[in-house]
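Thank you all for coming.

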Amino acid sequence: MSNGLERRDFLKVLGVSGAGAGLTACGTGGTEKLIPYVVPHEEIVPGIATWYRTTCRECPAGCGMNVRTREGRAVKAEGNPLSPISHGALCARGQASLHGLYDPDRIPRPLARTGEGEWDRLTWDEAERRLASELQAHRGRTVFLTGSYGGTMDTLVDRFVASIGAERVRWEPFAWEPLRAASRMIYGVDAVPVHDFSNAEVVITFGADFMETWLSPVDYAHGFIQGRAYSQGRRGKMISVGAHQSLTDLNADEWLPARPGTEHLVALAIARLMVDAGASAGGAAGVLEGIDVGTVAERAGVSPERLRQVAADFARSGRSLAVGPGVQMQHTAATAVAAAVAVLNQVAGNVGSTVRLEQREEFATGGGSFAEMLELVGRMRRGEVGALLVHGPNPLYSMPEQESVAEALDAVQFIASFSPMLDETSRRAHVLLPDHHFLE
């Protein structure tokens with residue numbers, strides 16, 4: 001064939017007819033190299049899946065995870081049945097963790113910013129040399145901004161910060177600060193206790209979406225199923241208190257649609273009714289003395305009869321648990337809600353049984369505070385921070401008053417980000433050193 005379709009091209013066209021055409025249409029048209037291993041591991045057999053056990057890092061709860069791989073590539077994630085947190089289950093975020101691993105927008109190599117939206121490629125040696133040089137130049141004026149880690153990683157970061165003469169600031173956009181503040185006030189413990197849903201026959205949730213995001217949702221949902229199961233002629237019960245219903249609230253047996261900002265009054269009213277019925281107020285007697293159930297019912301938009309029924313159910317079970325607040329109740333009274341819930345648990349005698357102060361949610365301990373982050377922003381604006389290292393948080397996205405945060409970042413002479421994605425804060429960095437995905 002001449003002056004038209006070449007013979008080789010003509011045969012290619014014939015070869016992609018029918019089903020082959022559909023498959024070829026999905027190709028890139030170029031030569032690709034798919035090499036999963038340079039030196040394969042001895043236990044890897046081509047065509048046979050290999051499972052690895054790891055810890056999910058999609059949220060701080062740290063569920064045990066089993067990952068199925070084929071020829072070096074993760075293809076499926078499941079819960080580890082031996083894990084005391086996941087119990088063989090995995091939430092939607094854990095199931096979707098593979099999307100983060102194979103995200104096409106991940107930064108594949110170190111980059112240096114040369115202008116607005118312009119980046120130059122660096123080798124790892126070049127990036128590390130530049131980072132070391134800047135850290136040396138700004139020794140004593142360097143801040144390492146991290147999230148809330150646990151275990152070995154937390155210790156390693158502390159040692160690294162000490163070795164370079166830097167300061168570490170921890171910050172989580174949602175650090176359970178109301179729960180920690182309430183625990184300090186009521187229990188004298190700066191931590192979030194573990195909640196045992198499996199031994200709770202009656203659960204009252206004040207906006208704590210423990211089946212979705214609250215603390216350790218997979219573990220708590222597993223315990224809730226055990227506590228709710230039919231046993232010895234009785235079945236567990238859940239009551240939700242809040243202005244609207246989350247996925248967790250939709251699984252409740254009763255819903256008290258209290259007006260926003262009055263949830264803490266409802267909790268204290270229930271505790272007052274229990275004390276009036278004979279429960280011990282303990283150290284909460286002074287707090288409950290001024291609570292009038294009728295006034296609370298009117299302010300919350302809930303009938304006094306319903307409050308009395310809830311109090312009777314909560315007291316009668318002998319095995320109860322109150323939890324809250326959660327994401328949906330992060331208003332100005334969030335700490336008051338958490339403190340009122342702690343008082344309610346204390347009156348019900350739940351401390352030591354379903355509220356375990358001797359066991360703490362480690363990831364919710366020492367997560368920094370919003371006040372510390374505001375202080376850091378102010379220091380950066382005043383030019384007191386020479387170098388900023390960022391691993392985890394994205395303050396330019398998560399913090400309010402983003403213009404103020406942007407001005408603070410512009411005032412820092414050197415910023416290095418370890419984010420694997422080009423997020424809002426990373427775009428302001430001078431050097432990017434992308435970290436691995438936890439499945440790598």
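What we have is a predicted model, in which local features need pLDDT of at least 70 and side-chain atom pairs count only at pLDDT 80 or more, while totals for chains, interfaces and linings use all residues. Residues are numbered from 1 along each chain as its sequence is written, and side-chain values use heavy atoms, with hydrogens and water left out.

With that in place, which residues does R139 contact, leaving aside its neighbours within four places in sequence? They are S163, I164 and G165. R139 sits in the loop between helix 5 and strand 6, where helices (H or I, at least four residues) and strands (E, at least two) are DSSP runs numbered from the N terminus. R139 is partly exposed, at a relative accessible area of 47%; on this scale buried is under 20%, exposed is over 50%, and partly exposed lies in between, with a 1.4 Å probe and protein chains only.

Strand 4, residues 111-115, runs antiparallel to strand 5 and is joined to it by four bridges, and R113 stands opposite W119 in strand 5.

My last topic is a pair of helices. The buried residues of helix 7 (177-186) are P178, L179, R180, A181, A182 and S183, and these pack against strand 8 (193-195) and helix 13 (334-347). How do helix 7 and helix 13 cross? Their axes, which are lines fitted to C-alpha atoms over the stretch in contact, with angles from 0 to 180 degrees between N-to-C directions, come within 8 Å and cross at roughly 50°. The two helices are therefore oblique to each other, since angles under 35 degrees count as roughly parallel, over 145 as roughly antiparallel, 65 to 115 as roughly perpendicular and the rest as oblique. Finally, just after helix 7, G188 takes a positive phi of about 75°.

How values were computed
Two strands pair if DSSP finds at least two bridges between them. Contact means heavy atoms within 4.5 Å.
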